[in-house]
Amino acid sequence: MDSWLRQSGAVGLNSLELADFPLTGRGVKTLKPFKDGETILTIPSSILWTVEHAHADPLLGPALRAAQPPLSVEDTLAIYLLFVRARESGYEGLRSHVAALPESYSSSIYFEEDELEVCAGTSLYTITKQLEQSIEEDHRALVVRLLALNPDLFPLDKFTLEDYKWALCTVWSRAMDFVLPGGKSIRLLAPFADMLNHSPDVKPCHVYDPSSGNLSVLAGKDYEAGDQVSIYYGSIPNSRLLRLYGFVLPDNPNDSYDLVLSTHPSAPLFKQKQKLWTSAGLDSTTTIPLTLTDPLPRNVLRYLRIQRLDESNLNTITPQRSGATNQKISKSNEIEILQFLAESFSYLLDSFGTQLEKLKQQLTEGVYPPGGNAWAAAHVSLGEQRVLRLARKRAEELLSAVESGSDNDVAGSLSQCANCGTAPAQLMLCGRCKSVAYCGRTCQVAHFKEHKGICRVAASKSGSGGTK
Ligand SMILES: C[S@@+](CC[C@H](N)C(=O)[O-])C[C@H]1O[C@@H](n2cnc3c(N)ncnc32)[C@H](O)[C@@H]1O
């Protein structure tokens, strides 16, 4: 691979070499110091694995382009990898890259049943089960619409379900995504740059140049000779890390729980409520990530306030006034949704296969061999349970505040910007009613029309209002 990369115009290889690191496995070592921001490596456009290159390939391209319905980006890259891997001649450069790829992966789709059971109750458990099924279905569909139609290109013994799973895991764990000017996106695999491991301690530092089509890696921090060079894969929770990349970060600050909120179309007043959800930027089925920093996001409350509207208060909230759902609609509505949330979080927490305290104890006692699949699954479960417990605590706090009437700060109206919903460290209160907060002047001005009615009432209640 090295000579192919050099001949193709890759820049920076003299300063880098592959090496094994105790915690992350194989990665890239620098042979010289780099300052934060310096370019370390450039991989030229011509040798990147992209959909465009797959489609331009004289052998593979016509078959891919003829596939109906068109293949997804993920499937196109997976088939491209398997196609090159199956060739006995030609494609020497790309084949040398394939030869350097791992032969097996540790994504949760490869877990034994007892290993996956350790994270029963998590979103990872559910998604992994669904994936196992959908990958089989997708593979069957690929055989019918592409592989069996072109047996010379795709010998079926090299495109088995196991081969397809390997190719998908290669794409999930090594592809890079970029948004291009104009909003389109590109997904690519960059030989050698795909040997870089993730570190939460570096800045995002891999860049795609749309004009040249080259991929470059910059130093995400200062490096000494001998250091491992890393890139930042993103702010990813353990459930996603384990599914896509096959590893977890203990005490991951990005851990989250995906809360799915859904209302059946046969529910009373569904059509009117759907209009309200839409105008609030939500949907009748909405997935909202609960995070360690924001365990009960404003949108969860907004969704439920709308869901629990009855006929009498539904008429007071029109789509034009959907901003009103940022705050409590009525005491009874608020109590109902907060009780529902606290109970639902308890129910979700009870449905975890192993409870948080027991998991912690098992991890301390070394019940799960560190670094193994069950150990990783335990960390996913810990992370999701931590988030859900915070969410339940927040719902209970809000509930008791509403019940006792001390809910000036209901639903975080003073801890989040009333206009954009962000929660920066510093917020400014509305100078008149002091019942809402903003991240800045722009949001305050943008929100004025919606807020002015409530402002007058709130200010007069608190005695702080003028007559304006
Ligand atoms: C883009 S590849 C990096 C190169 C890879 N280590 C290799 O030998 O081919 C991504 C994979 O590297 C491993 N990896 C990356 N960052 C890691 C980390 N911080 N801890 C543990 N494993 C990591 C995971 O197996 C992941 O799926």
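Reader: Does cysteine 417 count as buried or exposed?

Author: The model is a predicted one. Cysteine 417 sits in the loop between helix H15 (373-404) and strand E12 (428-429). A residue with 20 or more other C-beta atoms within 10 Å of its own is classed as buried. Because cysteine 417 has 22 C-beta neighbours inside 10 Å, it counts as buried.

Reader: With which residues is cysteine 417 in contact, leaving aside its neighbours within four places in sequence?

Author: Leucine 261 lies 156 residues away from cysteine 417 in sequence, and the C-alpha to C-alpha separation of the two is 23 Å. Leaving aside neighbours within four places in sequence, the contacts of cysteine 417 are Thr422, Leu427, Ala437, Tyr438, Cys439 and Cys443.

Reader: How many helices and strands are there in the chain, and what percentage of its residues is buried?

Author: The C-alpha trace spans about 80 × 50 × 50 Å along its principal axes. Among contacts with a separation of 6 or more, 66% join residues 24 or more positions apart. The chain has 16 helices and 13 strands. Of its 468 residues, the buried share is 36%.

Reader: Which residues does the UniProt annotation "domain: SET" cover?

Author: Over residues 14-234 the chain is 36% helix and 17% strand. The end C-alpha atoms of that stretch are 28 Å apart. According to the unreviewed UniProt entry, the annotation "domain: SET" covers residues 14-234.

Reader: Which element gives the largest share of the shell around the ligand?

Author: Of the 15 residues around the ligand, those that come nearest are Arg26, Ser173, Asn197, Tyr245 and Phe247. Two or more shell residues come from each of strand E2 (25-30), helix H8 (161-174) and strand E6 (197-198). By class, the shell has five nonpolar, seven polar and three charged residues. The largest share, three residues, comes from E2.

Reader: In what order do the strands of the open sheet of four strands lie?

Author: The pairing in this open sheet is mixed. E1 (16-21) and E6 are the edge strands, each pairing on one side only. E1 and E2 run antiparallel and are joined by six bridges, with phenylalanine 21 opposite glycine 25 in E2. The order of the strands is E1-E2-E9-E6.

Reader: Which residue in E8 stands opposite isoleucine 43?

Author: E3 is mostly covered, with four of its five residues buried. Four bridges join E3 to E8, and the two strands run antiparallel. Not counting residues up to four places away in sequence, isoleucine 43 touches Ala10, Leu48, Ala190, Pro191, Phe192, Ala193, Asn214 and Leu215. The residue opposite isoleucine 43 in E8 is leucine 215.

Reader: In the hairpin of E4 and E5, which residue takes a positive phi near 100°?

Author: Strand E4 (residues 176-179) and strand E5 (residues 185-188) pair in the antiparallel sense over four bridges. Phenylalanine 178 has isoleucine 186 in E5 as its bridge partner. The hairpin has five residues between the strands, and the residue with the positive phi near 100° is glycine 182.

Reader: Why is helix H9 described as largely enclosed by the rest of the structure?

Author: The buried residues of H9 are Asn238, Ser239, Arg240, Leu241, Leu242, Arg243 and Leu244. They pack against H7, H8 and H15. Just after H9, glycine 246 takes a positive phi of about 75°. Helix H9 (residues 238-245) is largely enclosed because the buried residues number seven of the eight.

Terms used:
Residues are numbered from 1 along each chain as its sequence is written. This is a predicted model: local features need pLDDT of at least 70, side-chain atom pairs count only at pLDDT 80 or more; totals for chains, interfaces and linings use all residues. A residue is near a molecule or strand if its C-beta atom, placed from the backbone, lies within 6 Å of it. Ala, Val, Leu, Ile, Met, Phe, Trp, Tyr, Cys and Pro count as nonpolar, Asp, Glu, Lys and Arg as charged, and the others, Gly among them, as polar. Two residues are in contact if their C-beta atoms, placed from the backbone, lie within 7 Å. A residue is buried if 20 or more other C-beta atoms lie within 10 Å of its own, exposed if 12 or fewer, and partly exposed in between; C-beta atoms are placed from the backbone. UniProt positions are given in the numbering used here, feature names are shortened, and annotations may be inferred rather than shown by experiment. Two strands pair if DSSP finds at least two bridges between them.
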